[in-house]
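Could you walk me through the aromatic side chains and the nonpolar surface of this structure? A guided tour in plain paragraphs would be welcome.

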Amino acid sequence: MGAEQIVSKAAKQKSIEFTVLTEVRMKRLSWLFNHSEKKKIIALAIVLSLLAALLRQCVTYYLGEAVDAAGKSYFSTTVVYLGYLSIGILILMALDYLSLYFYGSFTNHNLYHFRSRTVESAIQFTLKEKAKYSTGELINRLNSDLQILEKFFRTTIGDTSYKVFSGLFAAVFGFIINY
């Protein structure tokens, strides 16, 4: 067997391992969502993110209108647009706060249950199974895995949904304005 075949075989094996690992992670993640008792909270948080993304486009529109009216010296129209802009910003702040609150509530609830299940499982290890790990190694692995989940829930879900909605609405809004 040549060097190229060995490298190709190793790359193929690594690709298969990565695919299997990704599938396992996705199954575990879907398990977490399926066993969550707070599905309504995450749905509400996503809806609030959707509304915030839509409102952000409206705020941007009124900002542009206020600048245009000010440039044309329409004082009363500028004040009206600035009023709309202020109201929109206040509502946007409330929506952002509520969305983050509900994402945090969902995250805290799921992490609490995940930690308790993990600790219950670790307690049930036999002495022989516990002897396989050095002092603190098991706890360190549990903490690092939970930190990864916490980061995913706290930042990735909320940020990703908000950015996708904002991008979608920006594209639709840009299309409407230009055509």
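This is a predicted model: local features need pLDDT of at least 70, side-chain atom pairs count only at pLDDT 80 or more; totals for chains, interfaces and linings use all residues.

Let us begin with the aromatic rings, where the count comes to four pairs. One of them joins Tyr-61 and Tyr-62, with 5.3 Å from centre to centre and 65° between the planes. Because planes over 60 degrees apart count as edge-to-face, the pair of Tyr-61 and Tyr-62 gets that label.

Tyr-62 also pairs with Tyr-84: here the ring centres are 5.1 Å apart and the planes stand at 55°, so this pair is tilted.

Stepping back, ring pairs connect Tyr-61, Tyr-62, Tyr-81 and Tyr-84 into a cluster. How exposed is Tyr-84? Its relative accessibility is 43%, so Tyr-84 counts as partly exposed. Tyr-61, with a relative accessible area of 33%, is partly exposed, and Tyr-62, at 26%, is partly exposed as well.

Now turn to the surface. Leu-168, Val-172, Phe-175, Ile-176 and Tyr-179 make a nonpolar patch of about 600 Å². One of these residues, Phe-175, lies in helix 5 (residues 137–178). Is Phe-175 buried or exposed? Phe-175 has 53% relative accessibility, and because exposed means over 50%, Phe-175 counts as exposed.

How values were computed:
Residues are numbered from 1 along each chain as its sequence is written. Side-chain values use heavy atoms; hydrogens and water are left out. Patches are made of residues with over 30% relative accessible area and no salt bridge: like charges are joined within 9 Å, nonpolar side chains (Val, Leu, Ile, Met, Phe, Trp, Tyr) within 5 Å. Accessible areas come from the Shrake-Rupley method with a 1.4 Å probe; for residues, only the protein chains shown count as cover. A salt bridge is a side-chain nitrogen of Lys or Arg within 4 Å of a carboxyl oxygen of Asp or Glu. Helices (H or I, at least four residues) and strands (E, at least two) are DSSP runs, numbered from the N terminus. Buried means under 20% relative accessible area, exposed over 50%, partly exposed in between (1.4 Å probe, protein chains only). Rings of Phe, Tyr and Trp (its six-membered ring) pair if their centres lie within 6.5 Å; planes under 30 degrees apart count as stacked, over 60 as edge-to-face and the rest as tilted.
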